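I opened my notebook today to look up a few things in a structure.

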Amino acid sequence: MSDMERRQSDVEIALLRQDMDELKDSMGKLENSVADLLEAWQTATGMVKFMKWLAGAAVALAILYSYAKDHIK
């Protein structure tokens, strides 16, 4: 292997290492974004469950009110 080929090989290895470092940084940012998205998804799921419960409670109260209005005098 000639000196020129060796230098070129060293440059290619250095560039590959730089690319790997950039890829690691990008993966770290992506992991943080996914974690934030998961947290938002879980919060939204909890809100939907609460709204379903609240709607059921409102319907039950409306039925009790309607029954009381018609049958209790």
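Which residues form a negative surface patch? I found Asp-19, Asp-21, Glu-22 and Asp-25 in it. For patches, residues need over 30% relative accessible area and no salt bridge, with like charges joined within 9 Å and nonpolar side chains (Val, Leu, Ile, Met, Phe, Trp, Tyr) within 5 Å.

**Ground rules.** I am working with a predicted model, where local features need pLDDT of at least 70, side-chain atom pairs count only at pLDDT 80 or more, and totals for chains, interfaces and linings use all residues. I number residues from 1 along each chain as its sequence is written, and side-chain values use heavy atoms, with hydrogens and water left out.

**Overall form.** I looked up the helices and strands, and the chain has 1 helix and 0 strands. Both kinds are DSSP runs numbered from the N terminus: helices are H or I with at least four residues, strands are E with at least two. The radius of gyration is 31 Å, well over the 11 Å that the globule rule gives for 73 residues, so the chain is more spread out than a compact globule. That radius is taken over C-alpha atoms, and the rule is 2.2 Å times the number of residues to the power 0.38. Along the principal axes, the C-alpha atoms fill a box of roughly 105 × 10 × 10 Å.

**Distances.** I then checked two pairs of C-alpha atoms. Met-27 and Leu-64 are 37 residues apart along the chain, and their C-alpha atoms are separated by 55 Å. For Ala-14 and Ala-35, 21 residues apart along the chain, I noted 32 Å.

**Surface.** How much of the chain is buried? Buried residues make up 0% of the 73. Buried means under 20% relative accessible area, exposed over 50%, and partly exposed in between (1.4 Å probe, protein chains only). The accessible surface comes to about 7100 Å², and 65% of that belongs to carbon and sulfur atoms. Such areas come from the Shrake-Rupley method with a 1.4 Å probe, and for residues only the protein chains shown count as cover.

**Back to the patches.** Asp-19, from the negative patch, sits in helix H1, which covers residues 3–71. Asp-19 counts as partly exposed because its relative accessibility is 44%. I also noted a nonpolar surface patch of Met-20, Leu-23, Met-27, Leu-30 and Val-34, with about 470 Å² of accessible area together. Met-20 lies in helix H1 and is partly exposed at 44%. Met-27 is in helix H1 too, and is partly exposed at 43%.

**Charges.** I read 9 positive and 12 negative side chains, with the centres of the two sets 16 Å apart. Lys and Arg count as positive, Asp and Glu as negative, while His and the chain ends are not counted. Each charge is placed at NZ of Lys, CZ of Arg, CG of Asp or CD of Glu.

Side chains of opposite charge can pair when their charged atoms come close. A salt bridge needs a side-chain nitrogen of Lys or Arg within 4 Å of a carboxyl oxygen of Asp or Glu. How many salt bridges does this rule give? The count is 1. Arg-7 pairs with Asp-3, their closest N and O atoms being 2.4 Å apart. Both lie in helix H1, 4 residues apart, about one turn of the helix. Arg-7 is exposed at 52%, and Asp-3 is partly exposed at 48%.
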